[in-house]
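Please keep the sequence and the structure in view while reading.

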Amino acid sequence: MLPVSVSTLEPNADSKPLITAQTLLTRLSTSLRLALSHCRPWTDFFDRTAFAKPASFSDATSRLRKNFSYFRANYLTILTAVLAFSLITHPFSLIILLSLIAAWLFLYALRPSELPLVIWGRTYSDIEKLAILVVLTVVVIFFTSVGSLLISGIMMGIAIVCAHGAFRMSEDLFLDEQEPFGLGLFSFVSAAASSAAANAAAPVIVSRV
């Protein structure tokens with residue numbers, strides 16, 4: 001018989017359940033709607049009458065700076081769409097990347113500290129989990145097709161953004177005050193991690209008091 005250790009937790013009224021997949025999908029959907037709500041009208045973005053060749057390189061850079069300040073949410077949406085299309089057309093790389101993201105979420109970011117990770121009878125600390133995940137990330141990014149695919153998708157998106165920003169005339173754009181929209185699609189990760197950290201710290205604070 002192989003020795004098997006099972007990690008058990010004492011019942012605690014202050015402890016909260018782990019974040020479920022449904023909660024993650026809900027937060028992701030909310031973050032997606034929030035990011036899209038900051039986009040400028042796409043009719044203004046694709047207005048064919050507003051495109052013209054820049055007079056000089058300085059004119060192109062000036063247009064790019066102003067267009068990025070005005071259409072920054074649209075540009076981030078296009079960059080995300082190009083990157084998503086690149087991953088969808090390569091299913092194997094997409095599966096590897098999703099597996100890596102899931103490992104970061106469920107083994108580190110969303111895992112409460114009072115719930116240890118036990119594999120084959122050995123308990124892994126947070127530092128050990130972080131080191132393993134970092135090494136795994138380096139291997140996935142630099143030794144598989146995921147890294148080159150991400151770089152090519154990002155470069156293609158940046159090229160589209162620069163071309164639009166340089167050729168789209170900015171004289172008719174009027175900047176106004178906008179609320180910062182943060183990281184958009186990925187803001188739910190930091191929120192979930194903060195929630196998990198708060199849940200983990202709550203019993204410690206109560207015990208000290």
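The sections below treat the basis of the model, the annotated segments, the salt bridges, the cysteines and a surface patch.

## Basis of the model

The model is predicted; local features require pLDDT of at least 70, side-chain atom pairs count only at pLDDT 80 or more, and totals for chains, interfaces and linings use all residues. Residues are numbered from 1 along each chain as its sequence is written, and side-chain values use heavy atoms, with hydrogens and water left out.

## Annotated segments

An unreviewed UniProt entry assigns the feature "transmembrane region" to residues 70–88, 94–110, 130–161 and 181–206. UniProt positions follow the numbering used here, feature names are shortened, and annotations may be inferred rather than shown by experiment.

Residues 70–88 are 100% helix and 0% strand, with end C-alpha atoms 29 Å apart. For residues 94–110 the figures are 94% helix and 0% strand, and the end C-alpha atoms are 22 Å apart. Helices (H or I, at least four residues) and strands (E, at least two) are DSSP runs, numbered from the N terminus.

## Salt bridges

Side chains of opposite charge can pair when their charged atoms come close. The whole structure contains 2 salt bridges, each defined as a side-chain nitrogen of Lys or Arg within 4 Å of a carboxyl oxygen of Asp or Glu. Burial is classed by relative accessible area: buried means under 20%, exposed over 50%, and partly exposed in between (1.4 Å probe, protein chains only).

Arg-63 pairs with Asp-59, their closest N and O atoms lying 3.7 Å apart. Both residues belong to helix H3 (residues 57–88) and are 4 residues apart, about one turn of the helix. Arg-63 is buried at 6%, whereas Asp-59 is partly exposed at 23%.

Asp-126 pairs with Lys-129, and here the closest N and O atoms are 3.3 Å apart. These two residues are 3 residues apart in helix H5, so about one helical turn separates them. Asp-126 is partly exposed at 39%, while Lys-129 is buried at 5%.

## Cysteines

The structure holds 0 disulfides, a disulfide being a pair of cysteine sulfur atoms within 2.5 Å. Cys-39 is buried, with a relative accessible area of 15%; Cys-162 is partly exposed, at 35%.

## Surface patch on the model

Val-134, Val-135, Val-138, Val-139, Phe-142 and Phe-143 form a nonpolar surface patch with about 610 Å² of accessible area together. Patches consist of residues with over 30% relative accessible area and no salt bridge, like charges being joined within 9 Å and nonpolar side chains (Val, Leu, Ile, Met, Phe, Trp, Tyr) within 5 Å. Accessible areas come from the Shrake-Rupley method with a 1.4 Å probe; for residues, only the protein chains shown count as cover.

Val-139 lies in helix H5 (residues 126–143) and counts as partly exposed at 40% relative accessibility.
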